[in-house]
Each structure stands twice: as structure tokens, then as C-alpha cells.
Amino acid sequence: MVRDQKAAGFDHLKLHPGLDMPKFLAIANTAKEVDIKFGGHISLDVGLVNSLNNGYRSVEHMDGYIEALVADKSKLDPQVAGSFSMLAVKYADMSKIPDLVKLSVEKKAWIAPTLTLFERFFGYIPADEFRLESDMKYMPGLQVQQWVNQKKLLENQGMLKEENVKPYLEFRKTMLMALHRGGVPMVMASDSPQVFNVPGFSIHNEISAMQDAGMTSYEILKTGSVNVAKYFEREGEFGVIATGASADFVLVEGNPLENLSNLRNVQGVMVRGEWIPKNVFQQELNRIETKNLRK
């Protein structure tokens, strides 16, 4: 499969959970042999340390860090620990965080934190509150209802009680800042269109979450621009406004370094050298909204 993906022209593999060590090593060794980057979720049977030691380029969602901090692996049984091991936080040995940060730096791993996914899907704010957000008007009603059903299933199971979720969300912020301050590079990602993260709009939720965690405006903006090019080892080709670089940028009113909410004041978008003014994409948004009117 790795060879097929490389031959098809892909430049990155995302691994999902559920791999055992033999399958993981087959993927990792072949990916290095054919020179294709790989990363993604951390399989429970593989673990964070093995993933990093065998070439993980990026760790999505900060997967595996809680599990690596829990000595008693019986506490990580999904039936006990819940989704993404959120209930295992109380068993995590926080004194081991510096060692994991050091290993992440040494192995040149990157992090795509997707804080907003966890705050909205796995957070304790009720599904019905998210359902009413203005961004939802751009999504088909069936899709929004599916999101509501997914979250309510966890709510009805008692999984998303505030006392369960709050320590987990606080841990994610703590882990993010430990990695960030330790020198582990970040790329901006919201995991849209996962639950209650509307494409395009969801990135503003992620930016707010990164700011709440403690990152500065400048650091956050880098994760969505120059850092992306660095990740793909194409620094200077995109993610910057410079002669010879790809003509892709967003023009906003107001300085986002002073207030990140100014990123919502979009006046136009340059895509591959084509200028799209505000009135044009607003017409498209109006069309999408009309198409998805609830009847």
C-alpha cells in the first residue's frame, strides 16, 4: 500500500489507529525506503515512543502523549479510558512530560494539535448549543443532525460530564504549551469537517483555542503560513509574501497581530494568482446558505 501511494504521486501518509507493531513497522520501513513522509494517529499497541523512534513526521491531535505518561497500561483499556484516553488523565505522570518533549524535538516531530475538535466534539458544552451557532447555516441539515447525534451519544453515556472532560482539556493545553516552549514545531489544523467544525470557519475556533492555551498571535499565525512550508521542506515557496513565492494570501482589515479576530474581516483572497474580492466569495457563501436553508 505504501508503494502504491508513492507511485500514485502522494507526498504524505496519514496513519489511523488500530495498527499492531508488525504492520506499523512494515509501513514505517517502506515509507522511509521510498521517501514518503508519514504520521497521524498513534496506535495503542505501538505507542508514542515507538512511533517517534521509527520516523513519525507529525503527531495529529497530540495523540499518544497521555498514554505515554500512564505507567499502568490496564488504565488505557478503551472501555475504561474512553475516547482518546480522556479519562486516563488522572493516572498520567506529569513529571515525564519533559522527557517526551525532548524526544519529540530529537526526532524532529511536528504537532497538529486540533484543539477545537476536542473542545467541541468531546467538550462538555451541549450539542444543542453548537447546533445554533451561525456557522451551521453553511452545512446541510442532515450533516448537522449527524454531528448532534454523535455528540449526544457520548452525552447520554455520561462521558462528557464537565468533571470528566475539563481535566482532559486542561491537560491538552498544558501539553501543547510544553511542546511549544520546548521547541516542537506546530502546524495549524482544526480537523474540519469533524463534529461542529465548519470548513473555513473552524480555523478561527482553533486560533482562539491556541491563544487561550498561551501562544502569541505571531506564533499562531506562523503555524498557518511559514510553518506549513517548512513542514514539507518547501520553505520560501509558499506561506510567505515574497517575489517568486506562490501567490496565495488573505487580505484582512485590521492587524491580526494586534487582534486575531481581525482575521475574520476578510476583504479578499488571492488563490494561485487569481484575486477574489469580498463580494464574490460573499455571493458564494449566500448561495451555500440558501442551498442549506432548513425547511
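What percentage of the 295 residues of the protein chain count as buried? In this predicted model, the share of residues that count as buried is 41%.

## Overall architecture

The secondary structure of the protein chain consists of 14 helices and 7 strands. Its radius of gyration is 20 Å, close to the 19 Å that the globule rule gives for 295 residues, so the chain is as compact as a globular protein of that length. Along the principal axes, the C-alpha atoms occupy a box of roughly 55 × 50 × 40 Å. Of the contacts between residues at least 6 apart in sequence, 65% join residues at least 24 apart.

The accessible surface of the chain amounts to about 15600 Å², and carbon and sulfur atoms account for 52% of that area.

## Confidence of the prediction

The mean pLDDT of the protein chain is 94, with 100% of the residues at 70 or more. Among the elements of the chain, the lowest mean pLDDT, 86, belongs to helix 5 (residues 78–81), whereas helix 6 (residues 97–106) has the highest, 98.

## The loop between helix 5 and helix 6

Serine 83 is located in the loop that runs between helix 5 and helix 6. Its relative accessibility is 24%, so serine 83 counts as partly exposed. When neighbours within four places in sequence are left aside, serine 83 is in contact with Phe122 and Leu154. The C-alpha atoms of serine 83 and alanine 245 are 41 Å apart in space, and the two residues are 162 apart in sequence.

Serine 85 also lies in the loop between helix 5 and helix 6. Its relative accessible area is 6%, and serine 85 is therefore buried.

## A serine within a helix

Serine 51 belongs to helix 3 (residues 47–53). With a relative accessibility of 1%, serine 51 counts as buried. Apart from residues up to four places away in sequence, serine 51 touches Phe24, Ile42, Val46 and Tyr56.

| Residue | Relative accessibility | Class |
|---|---|---|
| Serine 51 | 1% | buried |
| Serine 83 | 24% | partly exposed |
| Serine 85 | 6% | buried |
| Glutamate 233 | 57% | exposed |

## Backbone geometry

Most residues other than glycine have a negative phi, and most peptide bonds are trans.

Which bond joins serine 192 and proline 193? The two residues are joined by a cis peptide bond, with omega at about 10 degrees. Proline 193 is placed in the loop between helix 10 (162–181) and helix 11 (202–213).

Serine 85, a residue other than glycine, has a positive phi near 55 degrees. Glutamate 233 is not a glycine either, and its phi is positive at about 55 degrees. The position of glutamate 233 is in the loop between helix 13 (226–231) and strand 5 (249–252). Is glutamate 233 buried or exposed? With a relative accessible area of 57%, glutamate 233 is exposed, whereas serine 85, at 6%, is buried.

Note on methods: Residues numbered from 1 in each chain as written. Predicted model: local features only at pLDDT ≥ 70, side-chain atom pairs only at ≥ 80, totals over all residues. Heavy atoms only, no water. Helix = DSSP H or I, 4+ residues; strand = E, 2+ residues; numbered from the N terminus. Rg over C-alpha atoms; globule rule 2.2 N^0.38 Å. Buried < 20%, exposed > 50% of the residue type's maximum accessible area, 1.4 Å probe, protein only. Contact = heavy atoms within 4.5 Å. Areas by Shrake-Rupley, 256 points an atom, 1.4 Å probe, with all protein chains shown as cover. pLDDT = per-residue confidence, 0-100.
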